[in-house]
Amino acid sequence: MSSAPKLSRYTTPLIPGQFSTETYFSTQPPPTDLKARLEPVKEFVQRWQKVEGKRVVVVTSGGTTVPLEANTVRFLDNFSAGTRGSTSAEYFLSHPTEYAVIFMHRQHSLRPYSRHYSHSLNPFLDLLSCPAEGLVAEGSITVRPDRTRQLAPVLRAYHKSHHGPSPTICSLEFVTVNDYLWLLKELAVIVQPLGKRAMFYLAAAVSDFFLPQDRVAEHKIQSTKGNLTLEMDQVPKVLRPLVQEWIPEAYIVSFKLETEQALLIPKAQKALSRYGHQVVVGNDLHKRKFEVVLVELDAAQGNAASSASASTAVLGSQQFKETWLKLAELQEVKRREGAEKEVLEGLEIEEMIVDQLITRHDAWLQEP
Ligand code: PAZ
(Lines give C-alpha, C1' and ligand atoms only; values in the text may rest on other atoms or scores of the structure.)
Protein backbone atom coordinates (compact mmCIF):
# COMPACT_ATOMS: atom_id res chain seq x y z
CA MET A 1 0.00 0.00 0.00
CA SER A 2 1.35 3.48 -0.76
CA SER A 3 1.52 6.06 1.99
CA ALA A 4 0.41 9.56 1.03
CA PRO A 5 2.92 12.41 1.42
CA LYS A 6 2.32 14.04 4.79
CA LEU A 7 3.53 17.15 6.61
CA SER A 8 5.51 17.09 9.82
CA ARG A 9 6.03 19.97 12.20
CA TYR A 10 9.71 19.16 12.53
CA THR A 11 10.86 20.05 9.01
CA THR A 12 8.30 22.72 8.23
CA PRO A 13 10.37 25.86 7.61
CA LEU A 14 9.53 29.15 9.33
CA ILE A 15 8.71 30.82 6.02
CA PRO A 16 6.63 28.24 4.14
CA GLY A 17 8.62 26.71 1.31
CA GLN A 18 11.97 28.23 2.35
CA PHE A 19 14.67 26.24 4.05
CA SER A 20 17.79 27.91 5.35
CA THR A 21 20.99 25.99 4.67
CA GLU A 22 21.24 25.08 8.37
CA THR A 23 17.65 23.79 8.50
CA TYR A 24 18.20 21.85 5.32
CA PHE A 25 21.28 20.01 6.52
CA SER A 26 19.84 19.40 9.98
CA THR A 27 16.62 17.87 8.63
CA GLN A 28 17.50 16.17 5.33
CA PRO A 29 19.57 13.02 5.85
CA PRO A 30 22.91 12.55 4.09
CA PRO A 31 23.31 9.75 1.54
CA THR A 32 24.01 6.55 3.49
CA ASP A 33 27.46 5.89 2.02
CA LEU A 34 28.62 9.53 1.99
CA LYS A 35 31.82 9.06 4.02
CA ALA A 36 32.96 5.99 2.08
CA ARG A 37 32.41 7.74 -1.26
CA LEU A 38 34.49 10.70 -0.17
CA GLU A 39 37.51 8.66 1.00
CA PRO A 40 39.14 8.43 -2.48
CA VAL A 41 38.54 12.15 -2.95
CA LYS A 42 40.35 12.95 0.30
CA GLU A 43 43.36 10.90 -0.82
CA PHE A 44 43.28 12.58 -4.22
CA VAL A 45 43.30 16.07 -2.71
CA GLN A 46 46.02 15.18 -0.19
CA ARG A 47 48.20 13.83 -3.00
CA TRP A 48 47.85 16.93 -5.14
CA GLN A 49 48.16 19.32 -2.22
CA LYS A 50 51.75 18.16 -1.81
CA VAL A 51 52.61 19.07 -5.40
CA GLU A 52 53.74 22.67 -5.52
CA GLY A 53 51.72 24.86 -7.83
CA LYS A 54 49.11 22.19 -8.53
CA ARG A 55 45.53 23.39 -8.54
CA VAL A 56 42.37 21.37 -8.13
CA VAL A 57 39.13 22.22 -9.90
CA VAL A 58 35.81 20.76 -8.79
CA VAL A 59 33.63 20.46 -11.89
CA THR A 60 29.95 19.73 -11.26
CA SER A 61 28.04 18.31 -14.19
CA GLY A 62 24.61 17.05 -15.25
CA GLY A 63 21.16 17.42 -13.72
CA THR A 64 19.81 16.45 -10.31
CA THR A 65 16.59 14.50 -9.69
CA VAL A 66 13.85 15.06 -7.13
CA PRO A 67 12.36 11.68 -6.21
CA LEU A 68 8.62 11.58 -5.57
CA GLU A 69 8.79 8.23 -3.79
CA ALA A 70 11.36 6.78 -1.36
CA ASN A 71 11.15 3.49 -3.28
CA THR A 72 11.65 5.58 -6.37
CA VAL A 73 9.62 4.85 -9.44
CA ARG A 74 9.01 8.46 -10.41
CA PHE A 75 11.17 11.54 -10.12
CA LEU A 76 11.48 15.04 -11.56
CA ASP A 77 14.52 15.65 -13.71
CA ASN A 78 15.91 18.27 -16.09
CA PHE A 79 17.42 18.42 -19.56
CA SER A 80 21.13 18.50 -18.71
CA ALA A 81 23.21 15.76 -20.31
CA GLY A 82 26.47 16.86 -18.70
CA THR A 83 27.99 18.13 -21.96
CA ARG A 84 29.25 21.40 -20.48
CA GLY A 85 30.79 19.74 -17.42
CA SER A 86 32.41 16.75 -19.14
CA THR A 87 33.79 18.86 -22.00
CA SER A 88 35.15 21.50 -19.63
CA ALA A 89 36.76 18.83 -17.45
CA GLU A 90 38.68 17.65 -20.53
CA TYR A 91 40.02 21.13 -21.19
CA PHE A 92 41.16 21.49 -17.58
CA LEU A 93 42.81 18.07 -17.86
CA SER A 94 44.61 19.25 -20.98
CA HIS A 95 46.61 21.48 -18.58
CA PRO A 96 47.91 18.54 -16.48
CA THR A 97 50.79 20.41 -14.90
CA GLU A 98 48.36 22.92 -13.43
CA TYR A 99 45.01 21.21 -12.91
CA ALA A 100 43.69 18.04 -11.35
CA VAL A 101 39.93 17.58 -11.62
CA ILE A 102 37.30 16.36 -9.20
CA PHE A 103 34.47 15.48 -11.52
CA MET A 104 31.21 15.49 -9.56
CA HIS A 105 28.57 14.30 -11.98
CA ARG A 106 25.12 12.86 -12.37
CA GLN A 107 25.21 9.09 -12.60
CA HIS A 108 25.13 7.92 -16.26
CA SER A 109 25.61 11.45 -17.63
CA LEU A 110 28.44 12.28 -20.05
CA ARG A 111 32.01 11.91 -18.83
CA PRO A 112 35.30 13.34 -20.06
CA TYR A 113 36.67 11.43 -23.10
CA SER A 114 34.01 8.69 -23.18
CA ARG A 115 31.53 11.46 -24.15
CA HIS A 116 32.98 11.27 -27.68
CA TYR A 117 31.63 7.73 -27.93
CA SER A 118 28.12 8.01 -26.54
CA HIS A 119 25.63 5.40 -27.76
CA SER A 120 23.74 7.91 -29.88
CA LEU A 121 26.63 9.99 -31.25
CA ASN A 122 29.23 7.36 -31.96
CA PRO A 123 28.16 3.87 -30.92
CA PHE A 124 31.05 1.82 -29.55
CA LEU A 125 30.25 -1.26 -31.67
CA ASP A 126 30.50 0.84 -34.85
CA LEU A 127 34.17 1.46 -34.05
CA LEU A 128 35.04 -2.19 -34.39
CA SER A 129 35.91 -4.09 -37.55
CA CYS A 130 33.48 -6.75 -38.59
CA PRO A 131 33.89 -9.08 -41.59
CA ALA A 132 31.17 -8.62 -44.20
CA GLU A 133 29.67 -12.00 -43.39
CA GLY A 134 29.60 -11.08 -39.68
CA LEU A 135 31.85 -13.98 -38.58
CA VAL A 136 33.69 -12.27 -35.70
CA ALA A 137 36.33 -14.44 -34.08
CA GLU A 138 36.92 -13.66 -30.36
CA GLY A 139 40.68 -13.23 -30.56
CA SER A 140 40.65 -10.93 -33.57
CA ILE A 141 38.48 -7.97 -32.67
CA THR A 142 40.12 -4.75 -33.83
CA VAL A 143 39.25 -1.08 -34.29
CA ARG A 144 38.29 -0.10 -37.83
CA PRO A 145 41.34 1.52 -39.46
CA ASP A 146 39.33 4.59 -40.51
CA ARG A 147 38.44 5.29 -36.85
CA THR A 148 41.87 5.04 -35.22
CA ARG A 149 43.04 8.55 -36.13
CA GLN A 150 40.18 10.07 -34.14
CA LEU A 151 40.27 7.49 -31.36
CA ALA A 152 44.01 7.46 -30.58
CA PRO A 153 44.36 10.93 -28.96
CA VAL A 154 41.16 10.45 -26.95
CA LEU A 155 42.32 7.03 -25.71
CA ARG A 156 45.76 8.41 -24.81
CA ALA A 157 44.32 11.33 -22.83
CA TYR A 158 41.76 9.07 -21.15
CA HIS A 159 44.38 6.58 -19.97
CA LYS A 160 46.82 9.22 -18.82
CA SER A 161 44.23 11.06 -16.73
CA HIS A 162 42.35 8.03 -15.38
CA HIS A 163 44.80 5.13 -15.23
CA GLY A 164 48.27 6.68 -15.42
CA PRO A 165 50.75 6.44 -12.52
CA SER A 166 49.28 9.66 -11.06
CA PRO A 167 45.64 10.02 -12.15
CA THR A 168 44.57 13.62 -12.60
CA ILE A 169 40.84 12.97 -12.33
CA CYS A 170 38.73 11.64 -9.49
CA SER A 171 35.01 11.11 -10.07
CA LEU A 172 32.07 11.29 -7.73
CA GLU A 173 28.46 10.50 -8.65
CA PHE A 174 25.19 12.03 -7.55
CA VAL A 175 21.61 11.35 -8.55
CA THR A 176 19.25 13.38 -6.37
CA VAL A 177 19.43 17.04 -5.42
CA ASN A 178 19.96 15.90 -1.83
CA ASP A 179 23.03 13.83 -2.84
CA TYR A 180 24.35 16.86 -4.71
CA LEU A 181 23.99 19.29 -1.79
CA TRP A 182 25.60 16.95 0.73
CA LEU A 183 28.47 16.06 -1.58
CA LEU A 184 29.16 19.71 -2.38
CA LYS A 185 29.24 20.65 1.30
CA GLU A 186 31.57 17.79 2.23
CA LEU A 187 33.77 18.40 -0.81
CA ALA A 188 34.25 22.01 0.22
CA VAL A 189 35.65 20.83 3.56
CA ILE A 190 38.00 18.38 1.85
CA VAL A 191 39.26 20.91 -0.70
CA GLN A 192 39.49 23.77 1.79
CA PRO A 193 43.19 23.22 2.71
CA LEU A 194 44.08 24.04 -0.91
CA GLY A 195 42.90 27.62 -0.36
CA LYS A 196 43.29 29.73 -3.47
CA ARG A 197 44.57 26.76 -5.46
CA ALA A 198 41.00 25.42 -5.54
CA MET A 199 38.46 26.33 -8.17
CA PHE A 200 34.75 25.42 -8.21
CA TYR A 201 33.19 25.23 -11.66
CA LEU A 202 29.50 24.75 -10.94
CA ALA A 203 28.04 23.68 -14.29
CA ALA A 204 25.49 21.17 -12.95
CA ALA A 205 21.81 21.98 -13.47
CA VAL A 206 20.62 21.79 -9.87
CA SER A 207 16.93 21.71 -9.06
CA ASP A 208 15.59 24.85 -7.37
CA PHE A 209 12.80 22.84 -5.71
CA PHE A 210 12.67 19.67 -3.66
CA LEU A 211 10.38 17.55 -1.53
CA PRO A 212 11.46 17.36 2.12
CA GLN A 213 12.02 13.80 3.23
CA ASP A 214 8.92 13.59 5.39
CA ARG A 215 6.69 14.55 2.46
CA VAL A 216 8.06 11.90 0.13
CA ALA A 217 5.70 8.95 -0.25
CA GLU A 218 7.31 5.71 0.85
CA HIS A 219 5.87 3.56 -1.94
CA LYS A 220 4.75 4.11 -5.49
CA ILE A 221 2.00 6.73 -5.55
CA GLN A 222 -1.21 5.07 -6.72
CA SER A 223 -3.10 6.62 -9.63
CA THR A 224 -6.35 5.24 -8.20
CA LYS A 225 -6.23 8.14 -5.73
CA GLY A 226 -6.88 10.66 -8.52
CA ASN A 227 -4.88 13.74 -9.53
CA LEU A 228 -1.45 14.29 -8.08
CA THR A 229 -0.79 17.74 -6.63
CA LEU A 230 2.77 18.50 -5.68
CA GLU A 231 3.91 21.30 -3.44
CA MET A 232 7.66 21.60 -3.42
CA ASP A 233 9.93 23.67 -1.20
CA GLN A 234 12.82 25.83 -2.33
CA VAL A 235 16.30 24.37 -2.28
CA PRO A 236 18.49 26.62 -0.10
CA LYS A 237 21.00 28.73 -2.01
CA VAL A 238 24.18 26.94 -0.97
CA LEU A 239 26.32 29.25 -3.07
CA ARG A 240 26.23 31.71 -0.18
CA PRO A 241 27.75 29.42 2.49
CA LEU A 242 30.09 27.91 -0.11
CA VAL A 243 31.57 31.33 -0.86
CA GLN A 244 31.29 32.92 2.55
CA GLU A 245 31.90 30.04 4.98
CA TRP A 246 32.86 26.68 3.54
CA ILE A 247 35.69 27.68 1.22
CA PRO A 248 36.10 31.47 1.10
CA GLU A 249 39.54 31.43 -0.54
CA ALA A 250 38.61 29.34 -3.57
CA TYR A 251 37.97 30.77 -7.01
CA ILE A 252 34.27 30.16 -7.57
CA VAL A 253 32.51 30.11 -10.92
CA SER A 254 28.76 29.59 -11.05
CA PHE A 255 26.57 29.16 -14.13
CA LYS A 256 23.27 30.85 -14.85
CA LEU A 257 20.92 29.37 -17.40
CA GLU A 258 18.02 31.37 -18.81
CA THR A 259 15.63 30.98 -21.70
CA GLU A 260 15.16 34.76 -22.05
CA GLN A 261 18.44 36.28 -23.15
CA ALA A 262 17.53 39.68 -21.64
CA LEU A 263 17.58 38.18 -18.15
CA LEU A 264 21.06 36.71 -18.38
CA ILE A 265 23.21 39.69 -17.45
CA PRO A 266 20.96 41.24 -14.76
CA LYS A 267 20.53 37.88 -13.06
CA ALA A 268 24.24 37.11 -13.22
CA GLN A 269 25.02 40.53 -11.70
CA LYS A 270 22.48 39.96 -8.96
CA ALA A 271 24.04 36.60 -8.11
CA LEU A 272 27.50 38.20 -7.88
CA SER A 273 26.20 40.98 -5.62
CA ARG A 274 24.35 38.53 -3.44
CA TYR A 275 26.99 35.84 -3.01
CA GLY A 276 30.25 37.68 -3.65
CA HIS A 277 31.95 35.00 -5.75
CA GLN A 278 34.21 35.58 -8.73
CA VAL A 279 32.45 34.82 -12.03
CA VAL A 280 29.01 33.93 -13.33
CA VAL A 281 28.91 32.27 -16.73
CA GLY A 282 25.59 33.19 -18.30
CA ASN A 283 24.14 30.99 -21.01
CA ASP A 284 20.92 30.91 -23.00
CA LEU A 285 19.40 27.42 -23.31
CA HIS A 286 19.34 27.41 -27.10
CA LYS A 287 22.63 29.20 -27.77
CA ARG A 288 24.69 27.64 -24.98
CA LYS A 289 26.96 25.70 -27.33
CA PHE A 290 27.83 28.78 -29.39
CA GLU A 291 27.99 31.74 -27.02
CA VAL A 292 28.21 32.50 -23.31
CA VAL A 293 28.86 35.63 -21.28
CA LEU A 294 31.26 35.88 -18.36
CA VAL A 295 30.06 38.40 -15.80
CA GLU A 296 32.38 39.56 -13.02
CA LEU A 297 33.19 42.57 -10.88
CA ASP A 298 35.15 45.10 -12.87
CA ALA A 299 38.91 44.85 -12.34
CA ALA A 300 39.02 48.30 -10.76
CA GLN A 301 36.81 47.00 -7.96
CA GLY A 302 37.37 43.28 -7.88
CA ASN A 303 39.05 40.64 -9.97
CA ALA A 304 41.64 41.39 -12.59
CA ALA A 305 41.10 39.89 -16.01
CA SER A 306 41.81 41.01 -19.51
CA SER A 307 39.72 40.21 -22.52
CA ALA A 308 39.08 41.19 -26.10
CA SER A 309 35.35 41.92 -26.04
CA ALA A 310 34.52 43.18 -22.57
CA SER A 311 32.02 45.89 -21.63
CA THR A 312 31.06 47.32 -18.25
CA ALA A 313 27.82 48.07 -16.38
CA VAL A 314 26.91 49.48 -12.97
CA LEU A 315 24.46 47.96 -10.44
CA GLY A 316 24.06 50.07 -7.30
CA SER A 317 27.60 51.01 -6.37
CA GLN A 318 29.09 47.95 -8.02
CA GLN A 319 30.65 47.97 -11.43
CA PHE A 320 30.52 44.80 -13.52
CA LYS A 321 32.31 43.62 -16.59
CA GLU A 322 30.83 41.35 -19.26
CA THR A 323 32.87 39.31 -21.66
CA TRP A 324 31.08 37.54 -24.48
CA LEU A 325 32.68 34.37 -25.79
CA LYS A 326 31.55 33.24 -29.23
CA LEU A 327 32.52 30.00 -30.88
CA ALA A 328 32.43 31.68 -34.30
CA GLU A 329 35.30 33.94 -33.18
CA LEU A 330 37.48 30.99 -32.18
CA GLN A 331 36.69 29.30 -35.49
CA GLU A 332 37.72 32.45 -37.34
CA VAL A 333 41.04 32.67 -35.48
CA LYS A 334 41.84 29.01 -36.17
CA ARG A 335 40.72 29.30 -39.78
CA ARG A 336 43.16 32.17 -40.27
CA GLU A 337 45.87 30.02 -38.69
CA GLY A 338 45.15 27.44 -41.41
CA ALA A 339 43.21 24.81 -39.42
CA GLU A 340 41.56 22.05 -41.46
CA LYS A 341 37.76 21.78 -41.81
CA GLU A 342 37.67 18.74 -39.50
CA VAL A 343 39.47 20.71 -36.76
CA LEU A 344 37.21 23.73 -37.19
CA GLU A 345 34.11 21.56 -36.91
CA GLY A 346 35.43 19.95 -33.74
CA LEU A 347 35.99 23.24 -31.87
CA GLU A 348 34.02 23.67 -28.64
CA ILE A 349 33.09 26.76 -26.66
CA GLU A 350 34.31 25.11 -23.45
CA GLU A 351 37.89 25.57 -24.72
CA MET A 352 37.29 29.35 -24.64
CA ILE A 353 35.55 29.29 -21.24
CA VAL A 354 38.29 27.24 -19.61
CA ASP A 355 41.10 29.36 -21.13
CA GLN A 356 39.47 32.54 -19.85
CA LEU A 357 38.99 31.10 -16.39
CA ILE A 358 42.53 29.82 -16.11
CA THR A 359 43.80 33.33 -16.88
CA ARG A 360 41.58 34.69 -14.13
CA HIS A 361 42.60 31.97 -11.69
CA ASP A 362 46.27 32.83 -12.41
CA ALA A 363 45.55 36.46 -11.50
CA TRP A 364 43.60 35.38 -8.40
CA LEU A 365 46.60 33.37 -7.21
CA GLN A 366 48.87 36.40 -7.64
CA GLU A 367 46.64 38.63 -5.52
CA PRO A 368 47.67 39.02 -1.89
O1 PAZ B 1 24.77 19.73 -19.42
P2 PAZ B 1 24.49 20.58 -20.61
O3 PAZ B 1 25.73 20.86 -21.39
O4 PAZ B 1 23.40 20.01 -21.45
O5 PAZ B 1 23.94 21.98 -20.06
C6 PAZ B 1 24.81 22.85 -19.39
C7 PAZ B 1 24.06 23.83 -18.50
C8 PAZ B 1 23.16 24.70 -19.34
C9 PAZ B 1 23.23 23.05 -17.48
C10 PAZ B 1 25.12 24.72 -17.76
O11 PAZ B 1 25.83 25.44 -18.68
C12 PAZ B 1 24.44 25.66 -16.76
O13 PAZ B 1 24.03 26.73 -17.09
N14 PAZ B 1 24.32 25.24 -15.52
C15 PAZ B 1 23.64 25.99 -14.46
C16 PAZ B 1 22.15 25.91 -14.63
C17 PAZ B 1 21.43 26.79 -13.62
O18 PAZ B 1 21.26 26.30 -12.51
O19 PAZ B 1 21.08 27.94 -13.91
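With which side chain does the side chain of His163 make a polar contact? The partner is the side chain of Tyr158, at 3.3 Å. This comes from a predicted model. His163 itself lies in helix 4, which covers residues 145-163. Now look from His163 to Gln150. In sequence, 13 residues separate the two. In space, their C-alpha atoms are 20 Å apart.

Turn next to the ligand. Start with Ser80. An N or O atom in its side chain is 2.6 Å from an oxygen atom of the ligand. Move on to Ala81. Here a backbone N or O atom lies 3.4 Å from a ligand oxygen atom. Arg84 also takes part through its backbone, where a polar atom is 2.8 Å from an oxygen atom of the ligand. How much of the ligand does the protein bury? Taken alone, the ligand exposes 470 Å², and the protein buries 89% of that.

Rolling a probe the size of a water molecule over the atoms shows where empty space is left. In the second largest pocket, that space comes to about 520 Å³. The pocket is lined by 22 residues. Closest to its centre are Pro67, Thr176, Asn178, Gln213 and Val216. Two elements give two or more residues to this lining: strand 2 (66-67) and helix 5 (177-191). Helix 5 gives the most, with 3 residues. What kinds of residue make up the lining of this pocket? The lining holds 12 nonpolar, 6 polar and 4 charged residues.

Finally, consider what the record says about one stretch of the chain. UniProt lists residues 194-288 as "domain: DNA/pantothenate metabolism flavoprotein C-terminal", in an unreviewed entry. How far apart are the end C-alpha atoms of residues 194-288? They lie 31 Å apart. Helix makes up 24% of the span, and strand makes up 24%.

Key: Residues numbered from 1 in each chain as written. Predicted model: local features only at pLDDT ≥ 70, side-chain atom pairs only at ≥ 80, totals over all residues. Heavy atoms only, no water. 1 Å grid on protein atoms, 1.4 Å probe; cavity = no way out; pocket = protein on both sides within 12 Å on 5 of 7 lines; lining within 4 Å. Points joined across faces, edges and corners; volume = space filled by probe spheres on them. Helix = DSSP H or I, 4+ residues; strand = E, 2+ residues; numbered from the N terminus. Nonpolar A, V, L, I, M, F, W, Y, C, P; charged D, E, K, R; others polar. Polar contact = N/O pair within 3.5 Å; in protein donor to acceptor, adjacent residues only side chain to side chain. Areas by Shrake-Rupley, 256 points an atom, 1.4 Å probe, with all protein chains shown as cover. UniProt positions renumbered as here; feature names shortened; annotations may be inferred.
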